[in-house]
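Try each task before you read its solution.

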Amino acid sequence: MKALDLGSPRVLPTVLKLVIPAMIAQFINVLYSIVDRMYVGNIADIGDTALAAVGVCAPITTLISSFAFLIGTGGAPLFAMALGEGREDNSKRILTNALYSLVALALVVTALVFALQRPLLMTFGASETTYAYAKQYLLIYTAGAVFSITATGLNQYITAQGYSGMGMLTTVIGAAANIALDPLFIFVFRMDVAGAALATVISQFLSFAFVVTFLLWKNTKIRIALGKCDFKLIGKIVRLGISPFLIMATD
């Protein structure tokens, strides 16, 4: 796929070509979340309880995924500016350190959620009735958090290169896989809530595999090239990622 010319003087068409795929991806993401809950709600005998349990997990899983944007929104602008300046080596260095940051952050978040899963679930509304199902869903989802965080974070570096269609395709692959796998694991394999969580993890892994494959593909402008870990650069990326939250906090 040909990348958009982000230096084009035709600003409006360029912006639309970036924004519309992102909007479609977001719509698909919401749609598959709705379908996911429809399947869970139709589990025999425990559908209502299972749906409530997954609902309790929803803000926690959203919080887990949101850590990807810390590195995505912090590093992608730096990456795009370096690319626009023709400093491809610097762009590669930013992409490499973003990958390291995402993986490290995912491992830390996973460890924290595993350690604090009960207080987290209780804080977000779990009861003694829903706790067992919520715990089952959350722990399986969290075990695959490295895939969701890394895929979501790196996807912003794909879009920053002008591959907006590929950025959308990342979400479409995960959504389509989840919709297809949910009934298989929930109803055919009779895994119930655990099946819904496992289907989600596998779907996120497929998105992750697509993102990494694309960023290793020889025709991609800026590819992943493993190198030295630059803690100073990582600190800059994190500070830029945090800055929007600090601005909102001071308003």
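**Exercise 1.** Classify C229 and C57 by accessibility.

*Solution.* Start with C229: its relative accessible area is 28%, so C229 is partly exposed. The cut-offs are under 20% for buried, over 50% for exposed and partly exposed in between, with a 1.4 Å probe and protein chains only. Next, C57 sits at 0% relative accessibility, so C57 is buried.

Some ground rules: this is a predicted model, where local features need pLDDT of at least 70, side-chain atom pairs need pLDDT 80 or more, and totals for chains, interfaces and linings use all residues. Numbering runs from 1 along each chain as its sequence is written, and side-chain values use heavy atoms, leaving out hydrogens and water.

**Exercise 2.** Count the disulfides in the structure.

*Solution.* Look for pairs of cysteine sulfur atoms within 2.5 Å. The count is zero.

**Exercise 3.** Check the radius of gyration against the globule rule.

*Solution.* Take the radius over C-alpha atoms, and for the rule use 2.2 Å times the number of residues to the power 0.38. For 251 residues, a compact globule would come out near 18 Å; the chain has 19 Å, which agrees. As for the box, the C-alpha atoms fill roughly 60 × 35 × 35 Å along the principal axes.

**Exercise 4.** Work out how the chain is covered and connected.

*Solution.* First, 44% of the 251 residues count as buried. Then take contacts (heavy atoms within 4.5 Å): among those between residues at least 6 apart in sequence, 77% join residues at least 24 apart.
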